[in-house]
Every structure is written in C-alpha cells, then in structure tokens.
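Colleague: Could you talk me through this one while I have it open?

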Amino acid sequence: MILPYRGDDSDVIRLKVTGDLGQVLFHFYNLEDPASIRDAVKHSNVVINLVGRDFETKNFKFKDVHVNGAERIARIAREAGVERFIHLSSLNVEANPKDLYVKGGSEWLKSKYEGELRVRDAFPNATIIRPADIYGSEDRFLRYYAHIWRRQFRSMPLWHKGEKTVKQPVYVSDVAQAIINAAKDPDSAGRIYQAVGPKRYQLSELVDWFHRLMRKDQKRWGYMRYDMRWDPTFLLKAKLNSFICPGTPIGGLHPARIEREAVTDKVLTGVPTLEDLGVTLTTMEQQVPWELRPYRAALYYDAELGEFETPSPPKCIEARDELRLFA
C-alpha cells in the first residue's frame, strides 16, 4: 500500500502499523505537481482517490481539488498503466443545486459533479462511489453536531428546524469495505455506486438523538431546536469563523457546510448501492452510541473538597516470622 500524503508526515505516520513490516509506504506529493503524482502511482495497479476539501482556502479552491486535481490524478493513473481507478465523489451531486441557506447553492456539490465528468473523461473505466455523510471515529458528521461551536448557546439552529431535511448517513467501515470489494470485482469498472446507510432519518430526529446520548437531563441543559433562517447571527458566525480560521474553521463550521447539511439525500433508482458490492450495512443504532461516548456530559465525576469523608486506613494482618529448616 502506497499512501501519498500532503502536509506533515506526523499526520499519517500512525497508519504505518496498520500493515505488516514493509506493507505500508508513504510518499509525499503535491496536487499541482504532476511529477510527484506520477511517482506515487507508477508502481500501483489500483489507485483510490480520496482527496477532497470541505472548505476553500487561499491556496486551494473547490475546483482546484475536486475538479482539476481529480482529473489530473485520473489522467496520470491512466498514463501510468493503472488497471483500476476508484474515485470518491458525493451523494446529491448536480450541476446547479438549489440554494437553500447560502445564495447560489452548494459550490461543493457543483465541483464534485464536475469532477465526476472530468474523471470519467480522463479514465473511462473509473469506478465512482457517491457517499452520503460518513460517520465513524474522528469523523466530520457526529463531531460536527457534537461541537459546542455548532450550537447557539444551548440551542441548535437547523434549516426549517431540521424537519424538511432527510439524511441517510453511512458508516465509514462500510464505505471502506465497498472500496475493497470494488477493486476486486472487475464488473464494477465504469459504474457508479451510491454509498448510503440502511435507514433514512429526519435531520431533526437525528440531532435530538445525538443530544440525548450526550446529555441525560434535557431540562437541565435547556436544549431546543429553532429555524436558523430567522437567525442572521448564525450565518455571520460561520462567515466570521472562516475568516478568522481560514486553514481549519473551529468545529468545521463554515457557510459551505451549513448549506450542504440542509440538502436532503436523494437516492436515485436504478443506481446500485453498497449492497450490490456485497457489503452488509451497519445501522446507526449499532454504532453511534459508541462513537458519541467521549462526548457524554459528566463522563467523569470530580468530587468537591470535603464532599466525602476521609476513609480510614485499611486494616493490617498480623504475621509471625517463622523459620523452617528442610533437611
């Protein structure tokens, strides 16, 4: 396994122990440097493109990563003789998505749609997987709603209170298994798969459930949902967050994210899903309580000074010294 990486090597070095000695190799690359990409893929028979951005920075816009970068990787992989190319896109991609909360619609979904077209032109037999919101350890879905920055004091702003948005999140291990199965199945070449979970949920019900898992006493914490369309300060906070922290917005809160979360997941009929790749899907009821356990309120109890009486020292057991001689 050759894992091309950007940034600092300390971000990926922990993955070295996921394989046997010499099986996991790292290669630094730059998305805008074709030579470094060519060096990374020239020894591979399968290339999986997981490169993406949730928000734009001064160095990389959505088009730079999702369109130009994806096309560049696919083209170089084909030129290097790679047999299979698997590209991760997104559910709900379309050329002109309807704007809900941010004017102009989701630029993220637009760039993902255009990226699919460019990848297919560069590598005609590419397998495209369109995942819904992916949850799991250190994800950007559960942790996004669990973060205090996503709330307004003790309230949760959602588009139409979350009652007009339907989501079908998918577990990260199911997506990983689908990628492996697709790489091994020659019939998956040139096809598109929708990576969605086994159940559909109203976003309002999901967020309420997340909160119950983290806070036992609803009355004490004063939790409530409200329509964020009537709260201009929330959008202002998201814009200010992106301006102050352009590299990594606090809590993952930025305008592109809150626009995308308002979009209802659309599962197209006739397009295969992960079950067609032989994946047994994991339900959220099975996994989410475990993933949100670190965010539980009062997970650890710190006693106040003098709250409990000082315990008496333990009783000791009297013992006699004995000398035994063995002949």
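Colleague: What does the accessible surface of the chain come to?
Modeller: In this predicted model, the accessible surface of the chain is about 19400 Å², and carbon and sulfur atoms hold 53% of that area; areas come from the Shrake-Rupley method with a 1.4 Å probe, and for residues only the protein chains shown count as cover. Local features need pLDDT of at least 70 and side-chain atom pairs pLDDT 80 or more, while totals for chains, interfaces and linings use all residues. Side-chain values use heavy atoms, without hydrogens and water, and numbering runs from 1 along each chain as its sequence is written.

Colleague: How much of the chain is buried?
Modeller: Of the 327 residues, 44% are buried, meaning under 20% relative accessible area.

Colleague: And what radius of gyration does the chain have?
Modeller: The chain has 25 Å, whereas a compact globule of 327 residues would be near 20 Å, with the radius taken over C-alpha atoms and the globule rule being 2.2 Å times the number of residues to the power 0.38. Along its principal axes, the C-alpha trace spans about 85 × 75 × 40 Å.

Colleague: Switching to Ser155, which strand is it in?
Modeller: Ser155 belongs to strand S7, residues 155–158, where strands are DSSP runs of E with at least two residues, numbered from the N terminus.

Colleague: Why does Ser155 count as buried?
Modeller: Ser155 counts as buried because its relative accessibility is 12%.

Colleague: What does Ser155 touch?
Modeller: Leaving out residues up to four places away in sequence, Ser155 touches Met224 and Tyr226, a contact being heavy atoms within 4.5 Å.

How values were computed
Buried means under 20% relative accessible area, exposed over 50%, partly exposed in between (1.4 Å probe, protein chains only). Helices (H or I, at least four residues) and strands (E, at least two) are DSSP runs, numbered from the N terminus.
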